[in-house]
Amino acid sequence: MTLSTWPLPRSLVLKIQTIIDEYGLSMSSTFIPTTETTSKKKTDLLGLTLPELQQWLVERGEAPFRARQIYQWLFQRLVTDFSAMTNLSHSLREKLAEEASIGLMIVRSEQHSKDDRTRKILLQLEDGKLIESVLMLYPPLGENSARATVCVSTQAGCAYGCTFCATGQMGFDRHLSAGEIVAQALYFARELRAVPWAAQGLPGSAPIGHITNIVLMGMGEPLHNYDNTLRALRILNSPDGFNLGARHMTVSTVGLVPAIRKLSQEQLQVNLAISLHAPTDELRSKTMPVNRKYPIEDLLAACQDYITATRRQVTFEYVLLAGVNDTPAYAHKLGELLAPLKQFAHVNCIPVNATSADYRPPGGEAIRAFRDILLQHGVSNTVRAERGDDIAAACGQLRTRFVERGKRQTPATQA
Ligand code: SAH
Ligand code: SF4
């Protein structure tokens with residue numbers, strides 16, 4: 001790939017191009033330096049709720065109503081620079097530039113799949129940690145309009161070590177702040193605002209210029225980073241700001257029972273997805289070590305309580321691992337396990353994305369048979385279409401690739 005029309009000096013473009021070539025970032029990947037990191041600690045405004053921003057301004061002798069104006073610039077106009085906030089005084093804009101930031105991260109690479117329905121970014125956080133986010137674009141289908149779903153990370157790495165998961169194999173680095181979670185969604189929102197995505201070959205479908213859904217299915221375990229995750233969801237949900245409906249957001253969890261119970265008490269209508277991936281404790285404990293702490297019986301009891309408290313459906317994710325958890329016998333066990341939850345349970349079958357671990361996805365025939373058996377038990381299910389394989393879209397894979405290349409070559413941070 002080549003860098004196209006960036007308004008950058010030629011020498012910088014050449015340097016960036018060299019890095020892209022060195023790291024083998026293929027297809028339409030771009031390398032975009034954004035905010036430079038600084039030594040002075042600034043307040044990341046993307047991580048503040050509206051009342052907190054009001055408070056922050058009052059502490060600096062400013063009128064609280066400015067907060068709403070700033071919120072609109074940040075989350076509706078999607079600006080990245082305080083100088084663009086033209087209804088604020090010069091002195092306030094200068095103060096903001098000195099003491100605050102709008103997301104401190106550097107985009108190390110951006111890759112687009114060949115069909116441009118999947119885009120993936122590798123972000124470098126202020127302390128050098130690397131995380132990934134993915135944008136998935138879905139054309140309109142039947143009565144459903146087009147969707148632009150961002151898959152965001154909530155941690156750098158993950159502590160839970162699921163054997164099929166690239167992130168799980170990295171180990172845990174740290175929690176992301178609320179601002180770091182929010183910034184990922186805003187990055188893609190800006191991109192779509194600048195160039196709306198048009199579903200090719202579908203006459204009559206309107207280009208999509210905004211984010212319609214957010215799923216917390218990137219790197220990390222959202223409920224392990226409970227407070228920052230909830231704060232990020234509330235910020236993105238704020239009608240004064242990004243204004244994305246809670247029903248358009250999904251929290252996916254490995255199954256942290258106490259946190260699921262806590263979530264059921266929050267007044268937030270987000271969707272809950274449980275990574276189940278096996279219907280017996282014996283098998284689940286092999287692929288998901290967390291099962292030894294929170295076995296299936298406890299997990300399903302928490303899900304039942306969640307359903308009782310919220311009257312909302314729970315999605316059970318089931319990564320299909322050929323020859324491991326995809327047999328008809330396991331399909332029957334899964335059906336028996338979830339049938340008591342009735343219409344409140346839905347299974348999402350996900351053929352595994354290849355990682356360095358030795359798992360393969362089952363063939364189409366085996367997937368169909370598995371799904372049919374679930375239906376025999378009255379358990380509704382869908383299969384997740386594989387996305388962006390040509391850019392390693394499963395969580396953690398791009399980072400793994402990038403870091404491993406980096407070990408053999410010049411470290412990326414010296415770019
Ligand atoms: N930690 C949370 C959310 C991040 S993982 C969780 O585990 O739910 C998001 C989803 O991707 C989970 O369902 C996870 O099991 C799944 N996943 C992990 N590795 C995968 C792989 N190699 N192929 C397909 N899905 C994978
Ligand atoms: Fe962590 Fe989720 Fe991956 Fe398991 S599947 S290791 S919980 S990110």
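**Ground rules.** I number residues from 1 along each chain as its sequence is written, and chains are lettered from A and ligands numbered from 1 in the order in which they are written. Since the model is predicted, local features need pLDDT of at least 70 and side-chain atom pairs count only at pLDDT 80 or more, while totals for chains, interfaces and linings use all residues; side-chain values use heavy atoms, with hydrogens and water left out.

**Entry: salt bridges.** My cut-off is a side-chain nitrogen of Lys or Arg within 4 Å of a carboxyl oxygen of Asp or Glu.

I then went to Arg119. Asp116 forms a salt bridge with Arg119, with the closest N and O atoms 3.0 Å apart. Glu191 also meets Arg119 in a salt bridge, at 2.8 Å from N to O. Glu191 sits in helix α5 and Arg119 in strand β5 (residues 118-125), so this pair ties together parts 72 residues apart in sequence.

Next I checked burial (buried is under 20% relative accessible area, exposed over 50%, partly exposed in between, with a 1.4 Å probe and protein chains only). Arg119 is buried at 6%, and Glu191 is buried at 16%. Asp116 comes out partly exposed at 22%.

Another pair I noted is Asp305 with Arg261, a salt bridge whose closest N and O atoms are 3.0 Å apart. This one links distant parts of the chain, from Asp305 in helix α9 (residues 296-310) to Arg261 in helix α7 (residues 257-264), 44 residues apart. Both ends are partly exposed: Asp305 at 37% and Arg261 at 35%. I also wrote down a network in which salt bridges with shared partners join Glu59, Arg60 and Glu99.

**Entry: helix α5.** Back to the helix that holds Glu191.

Arg66 is in helix α3 (residues 66-76). Its side chain makes a 2.8 Å polar contact with that of Gln69. A polar contact is a pair of N or O atoms within 3.5 Å; within protein, one must be able to donate a hydrogen and the other to accept it, and residues adjacent in sequence count only if both atoms are side-chain atoms. Setting aside neighbours within four places in sequence, Arg66 is in contact (heavy atoms within 4.5 Å) with Leu57, Asn87, Leu88 and Leu92.

**Entry: Leu300.** Leu300 is in helix α9 and is buried at 12%. Not counting residues up to four places away in sequence, Leu300 touches Phe316, Leu337 and Leu338. I also noted 9.1 Å between the C-alpha atoms of Leu300 and Leu341, which are 41 residues apart along the chain.

**Entry: cysteines.** With a disulfide taken as a pair of cysteine sulfur atoms within 2.5 Å, I counted zero. Cys165 is buried at 18%, and Cys349 is buried at 0%.

Note on methods
Helices (H or I, at least four residues) and strands (E, at least two) are DSSP runs, numbered from the N terminus.
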